[in-house]
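Subject: Structure handover

Hi,

Here is the structure I promised to pass on.

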Amino acid sequence: MRIASLEVVPYALPFREPYVTARGSLTRREMVLLRLRDQEGLEGLGEAVPLSLRGGVALAEVVGELEGLSELDELDEAAVRENAAALSAPARCAALTALLDLRGRLAADSSSSVGHNPTNSERTPVRCNATLVAGDPAAVVSDAERWAAEGFSTFKLKLGAGDDAAQVRAVREALGPRARIRVDANAAWGLETAKRVLAEIEPYEIELAEQPVATVEEAAELAAYTPIPLAADESVETHADAEHVADAGAFAMTGIKLSKVGGPEEALGIAEVLPAYVTSALDGPVGIAAALQVAQSLGDLGRAAGESLAHGLATQRLFASTVASVECELRGDLLYPPDGPGLGVEIDEQALQAHRL
């Protein structure tokens, strides 16, 4: 597959409200859109989300890595794949996602010539959890009630930045016994703090605790202490990480962010080792569409962490605007793919220019 042109566009989307976790606060999410076009003008889209609160690679470096692909002697699928291996995980994610999107659009274009045009409408939606930012318990409850009114039944609380037990207790009392509650400390707790907090919130029927501690060794000890299932996030970035975590008995499952692990293919490889659910890195519309397809694949391949376990992909609701004219659609807590081939996302050129960095 020959690639005629490559375009790299850094942009940022503002949040409706500051996004607050134990690692800090964001008022906008900076990311990079990659556009690969073939000689017929078909376009494949990819997206890189540098994980700024985690001290990861900087936006400018990701832009430089992706722009460097245009200097390859042969700009085709094989060359991009070969060189993507040396890129940072966010840049690799963008490159491989754009290739997958372009190939999907090419396949649909070819099929349409013989009377069949497969689209994303043939695929099923995935169930998503609500994401509640850390804050005063009353504010967190108000946020939870807004999500619940829109049909969400699983709620992810960001802990480690306040009175953790009070937040969980307040949400449970407000939403009642049928709501599913999971917590995420983003590795902010030490082992003893994690033991204490999980013991305090255990009576509130916690579905899972995501990355409560920083190290695999601490997680293994914590897993032996608490009945609450532990899920990895920061501890699993590669297939080798997943194997290490599984061997240590540290985590029962893992959340997967595509920009963290380097794209859809690596995500599916990790899910071969640990049961998994897919979460957003506060992605834009392209990243969410790619993550949705991975979440669908996990269910099809029997690698999901559980049939009833929601994915963390409803974060487009946190943004005040978008750069897409066509993107995934939330209907209640179900995320539907857009109609159309490949990822199905279409870019709103004026919106992209308005948000360009």
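A word on the ground rules. This is a predicted model, in which local features need pLDDT of at least 70 and side-chain atom pairs count only at pLDDT 80 or more, while totals for chains, interfaces and linings use all residues. Residues are numbered from 1 along each chain as its sequence is written, and side-chain values use heavy atoms, with hydrogens and water left out.

**Helix pairs**

Helices (H or I, at least four residues) and strands (E, at least two) are DSSP runs, numbered from the N terminus. Two packed helices are described by the angle between their axes and the distance between the axes. The axes here are lines fitted to C-alpha atoms, for helices over the stretch in contact, and the angles run from 0 to 180 degrees between N-to-C directions.

Let's begin with helix α4 (residues 137-149) and helix α5 (residues 164-175). Their axes lie 9 Å apart and they pack at an angle of about 40°. That makes α4 and α5 oblique to each other (under 35 degrees counts as roughly parallel, over 145 as roughly antiparallel, 65 to 115 as roughly perpendicular, and the rest as oblique). From α4, the residues P137, V140, V141, A144, E145 and A148 meet A166, Q167, A170, V171, A174 and L175 of α5, where contact means heavy atoms within 4.5 Å. Sorted by class, that contact has 10 nonpolar, 1 polar and 1 charged residues. For the classes, Ala, Val, Leu, Ile, Met, Phe, Trp, Tyr, Cys and Pro count as nonpolar, Asp, Glu, Lys and Arg as charged, and the others, Gly among them, as polar.

Next come α6 and α7, with axes 10 Å apart and a packing angle of about 30°. These two are therefore roughly parallel to each other, and α6 passes α7 in a right-handed crossing. On the α6 side the contact uses L191, A194, K195, L198 and A199, and on the α7 side E218, E221, L222 and Y225. The classes here are 6 nonpolar, no polar and 3 charged residues.

Helix α7 (residues 216-225) also pairs with helix α8 (residues 239-248): their axes come within 10 Å and cross at roughly 35°. This crossing is right-handed too. V216, E217 and A220 of α7 make the contact with H244, V245 and A248 of α8.

**What is inside**

How many residues does the largest nonpolar core have? It has 85, and F155, L157, I201 and L313 have the most contacts inside it. (A nonpolar core is a set of buried Ala, Val, Leu, Ile, Met, Phe, Trp, Tyr and Cys residues joined through side-chain atoms within 4.5 Å; buried means under 20% relative accessible area, exposed over 50%, and partly exposed in between, with a 1.4 Å probe and protein chains only.) Helix α11 (residues 285-301) gives the largest share of this core, 9 residues. There is also a second, separate core of 24 residues, which includes L36, V62, V63 and L102.

Back in helix α6 (residues 191-201), the residues L191, A194, K195, V197, L198 and I201 are buried. They pack against α5, β7 (180-184), β8 (206-210), α7 and β9 (230-232).

**Single residues to look up**

- A291 is found in helix α11 and is buried, with a relative accessible area of 1%. Not counting residues up to four places away in sequence, A291 touches L258, V278 and L313.
- A187, in the loop between β7 and α6, has a positive phi near 65° without being a glycine. A187 is buried at 17% relative accessible area.
- Q211 sits in the loop between β8 and α7. Its phi is positive as well, about 40°, although Q211 is not a glycine, and at 0% relative accessibility Q211 counts as buried.
- I347 belongs to strand β15 (residues 346-347) and is buried, with a relative accessible area of 12%. Apart from neighbours within four places in sequence, I347 is in contact with L33, R35, L45, V323, A324, S325 and L352.

Cheers

Methods:
A crossing is left-handed if the near helix is turned anticlockwise from the far one by less than a right angle, and right-handed if clockwise.
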